[in-house]
There are 2 protein chains.
Amino acid sequence: MTGTDIRLSLHVPARDIPVPGSVSAQAQAVLAMGPMDLPGYPPLEDIAAWRAMIAARDAAIRPHLAARASRIVAEVEDINVDGVGVFVITPRGAPDDGRVFLDLHGGGLIMGGGDCCRAMGISTADRVHARTWAVDYRMPPDYPYPTPLDDCVVAYRGLLRDHRPEDIVVGGGSAGANLAAALVLRARDEGLPLPAGVVLLTPELDLTESGDSFQTNLGVDTVLTESLMPANLLYAAGHDLSDPYLSPLFGDFSTGFPPTLLATGTRDLFLSNTVRMHRALRAAGVSAELHVLEAAPHGGFFASAPEDRELEREVRRFIDAQWTY
Amino acid sequence: MTGTDIRLSLHVPARDIPVPGSVSAQAQAVLAMGPMDLPGYPPLEDIAAWRAMIAARDAAIRPHLAARASRIVAEVEDINVDGVGVFVITPRGAPDDGRVFLDLHGGGLIMGGGDCCRAMGISTADRVHARTWAVDYRMPPDYPYPTPLDDCVVAYRGLLRDHRPEDIVVGGGSAGANLAAALVLRARDEGLPLPAGVVLLTPELDLTESGDSFQTNLGVDTVLTESLMPANLLYAAGHDLSDPYLSPLFGDFSTGFPPTLLATGTRDLFLSNTVRMHRALRAAGVSAELHVLEAAPHGGFFASAPEDRELEREVRRFIDAQWTY
């Protein structure tokens with residue numbers, strides 16, 4: 001039934017993969033755009049080049065984020081929590097019941113701060129239909145690990161002063177999901193009460209990039225088109241990439257972790273991150289649900305497709321379920 | 001952020017994909033064996049060649065199935081249910097409480113009958129730790145669609161004569177999952193009571209093969225190394241491949257479907273089948289849970305790895321939960 005020779009790698013010939021007919025027209029349009037053409041990462045030590053790259057990428061995405069946020073009616077208050085900037089966002093019609101979604105933004109652990117964080121937070125608040133704290137955590141090159149995670153912990157501690165933990169759900173996408181999961185591990189290790197639930201979307205949970213999809217979906221994911229290792233090293237600043245506070249996938253979940261929703265796509269470079277975390281949580285007996293979007297690259301379909309809407313409904317249902325006590 | 005040219009397909013260069021370190025040693029050993037080397041499908045009209053191929057493939061897998069079954073202590077009764085052969089398997093220690101797992105075997109809708117069905121049924125009974133009815137449904141080339149599905153419906157009707165529907169869980173892997181899902185659609189359309197739950201493992205739910213993973217995982221899945229379309233056409237015998245009784249993925253689930261567990265692997269050619277079915281069920285409000293094994297090809301790791309054990313525990317927990325009423 002099986003080959004008898006032992007092979008250390010699998011040769012996969014060159015292929016032309018058509019846009020699948022199994023997704024919506026909007027999703028097909030996104031896939032038909034092909035790979036994103038982004039400038040590569042600078043050398044680790046060239047801080048000026050990193051600053052320029054981060055500024056350029058933030059500038060490229062800012063108009064899209066701002067346009068999306070501008071369609072949402074929400075009050076935004078800019079507060080300072082023990083030195084950490086937080087946007088407190090209250091979408092129109094959201095219940096004023098003390099419940100808060102703690103949103104940690106994405107951007108590869110190096111981008112997406114400031115007004116990008118604000119705009120992404122507004123979109124998140126709209127989707128979860130709840131007051132949202134969007135944490136503008138500091139980032140590399142000036143503030144590598146542990147500052148970004150420390151800032152998230154400070155914001156969470158601040159939130160706990162006026163809110164019950166069962167009224168808090170923590171979440172994020174991509175790098176934000178890294179920080180969300182790491183925050184929960186830190187909170188647990190520091191003896192803080194845990195939030196009611198965790199949302200990990202297309203999560204960057206393994207900075208060592210050991211998962212199989214880092215190989216199998218390389219060139220297939222049109223959004224993450226290369227290894228993020230340079231950014232991971234900039235973030236880690238010499239710390240062990242496999243430390244659970246940097247790569248929460250390697251955490252010990254046997255002593256408790258809140259109910260968790262995880263989502264990814266079949267073309268996502270982070271597919272393995274997501275399914276491995278789901279399995280790790282389940283193996284520890286944690287209530288965890290997994291959703292995988294057909295043919296979706298990292299981050300889904302730019303929030304443009306019915307598939308994105310469907311996932312948003314799952315997320316909102318999940319959050320509401322954690323808040324039904 | 002995105003390319004501006006519209007591409008109809010994505011060019012993915014040739015790659016050598018290493019055996020991932022993210023799975024158990026046993027799973028790595030399976031992946032290191034490389035692609036299965038099986039003879040191709042014969043021309044559709046060459047019935048003698050089909051018979052020979054089916055016999056050869058059954059003969060190749062029979063010793064493995066028999067060896068696995070021989071380690072399990074179970075009583076096996078061979079019964080006839082209105083013309084359909086069923087192996088009634090009672091593993092030692094399984095509760096005699098009227099609860100039955102209705103097992104529909106895999107084998108591409110053309111293989112796995114007779115003693116293969118019996119051996120697979122014994123393994124299934126052991127895993128679910130419950131009395132199991134393994135249906136030896138007839139198959140092509142002599143008995144193409146609708147006979148195989150008809151046989152499954154006959155067995156289910158037979159089961160309902162002596163059992164409450166809430167005591168029945170229906171399931172299968174690969175082609176067996178096709179028949180399990182199609183059986184539920186048939187039962188619903190014929191006004192029969194539905195089973196308590198459905199288990200769909202690495203499911204062949206779309207005989208049109210429209211999902212993205214039929215492309216993205218082609219050459220990556222080392223078990224299903226090519227399209228199954230020739231077998232699908234032999235099975236369909238001229239019927240529309242997209243009919244929900246042949247491709248249950250295209251069924252209407254809005255009028256009710258039992259709670260369902262779905263499982264696949266990130267390298268599975270049927271990854272898209274599985275996640276699309278999960279989404280279709282969830283969109284219809286059905287309780288459905290998804291499990292995806294890291295780096296697993298079609299069918300997992302030959303039941304040899306801890307990952308397989310972990311999935312078995314999920315399946316057994318799911319079944320037990322449906323039976324807690």
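These legends walk you through several close-up views of a predicted model. Residues are numbered from 1 along each chain as its sequence is written, while chains are lettered from A and ligands numbered from 1 in the order in which they are written. In this predicted model, local features need pLDDT of at least 70, side-chain atom pairs count only at pLDDT 80 or more, and totals for chains, interfaces and linings use all residues; side-chain values use heavy atoms, leaving out hydrogens and water.

**View 1. Chains A and B are related by a rotation of 180°.**
Turning chain A by 180°, with 0.0 Å of shift along the axis, superposes chain A on chain B with an RMSD of 0.0 Å. This is the relation of a two-fold axis. Look for Ala14(A): of the residues of chain A, its C-alpha comes closest to the rotation axis, at 1.9 Å. Of the interface residues of chain A, 100% are also interface residues in chain B, so the copies meet through the same surface.

**View 2. An open sheet of 8 strands in chain B.**
Follow the strands in the order β3-β4-β6-β5-β7-β8-β9-β10; their pairing is mixed. The edges are β3 (74-81) and β10 (288-293) of chain B, each pairing on one side only. Neighbouring strands are turned by 20° against each other on average, direction ignored. Strand β9 (residues 260-265) of chain B runs parallel to β10(B), and 6 bridges join the two. One place to look is Thr260(B), whose bridge partner in β10(B) is Ala288(B). Two strands pair if DSSP finds at least two bridges between them. Strands (E, at least two residues) and helices (H or I, at least four residues) are DSSP runs, numbered from the N terminus.

Contact here means heavy atoms within 4.5 Å. Axes are lines fitted to C-alpha atoms, for helices over the stretch in contact, and angles run from 0 to 180 degrees between N-to-C directions.

Cys117(A) is buried at 1% relative accessibility, and Cys152(B) is buried at 0%. Buried means under 20% relative accessible area, exposed over 50%, and partly exposed in between (1.4 Å probe, protein chains only).

**View 3. A salt bridge joins the two chains through Asp212(B) and Arg267(A).**
The side chains of this pair meet at 2.6 Å, N to O. Asp212(B) lies in the loop between β8 and α6 (213-216) of chain B, and Arg267(A) in the loop between β9 (260-265) and α8 (271-283) of chain A, so the pair joins two chains. Both residues are buried. A salt bridge is a side-chain nitrogen of Lys or Arg within 4 Å of a carboxyl oxygen of Asp or Glu, and a search of the whole structure finds 42 of them over all chains.

**View 4. Glu289(A) forms a salt bridge with Arg317(A).**
The closest N and O atoms of the pair are 2.6 Å apart. Glu289(A) sits in strand β10 (residues 288-293) and Arg317(A) in helix α9 (residues 306-322) of chain A, so the pair ties together parts that are 28 residues apart in sequence. Glu289(A) is partly exposed at 22% relative accessibility, as is Arg317(A) at 32%. Elsewhere, salt bridges that share partners join Arg279(A), Arg282(A), Glu289(B), Glu310(B), Glu314(B) and Arg317(B) into one network.

**View 5. The surroundings of Pro203(B).**
Pro203(B) is found in the loop between β8 and α6 of chain B and is buried, with a relative accessible area of 0%. Not counting residues up to four places away in sequence, Pro203(B) touches Ser174(B), Ala177(B), Ala263(B), Phe270(B), Asn273(B) and Thr274(B).

Note on methods
Least-squares fit on C-alpha atoms with pLDDT ≥ 70 in both.
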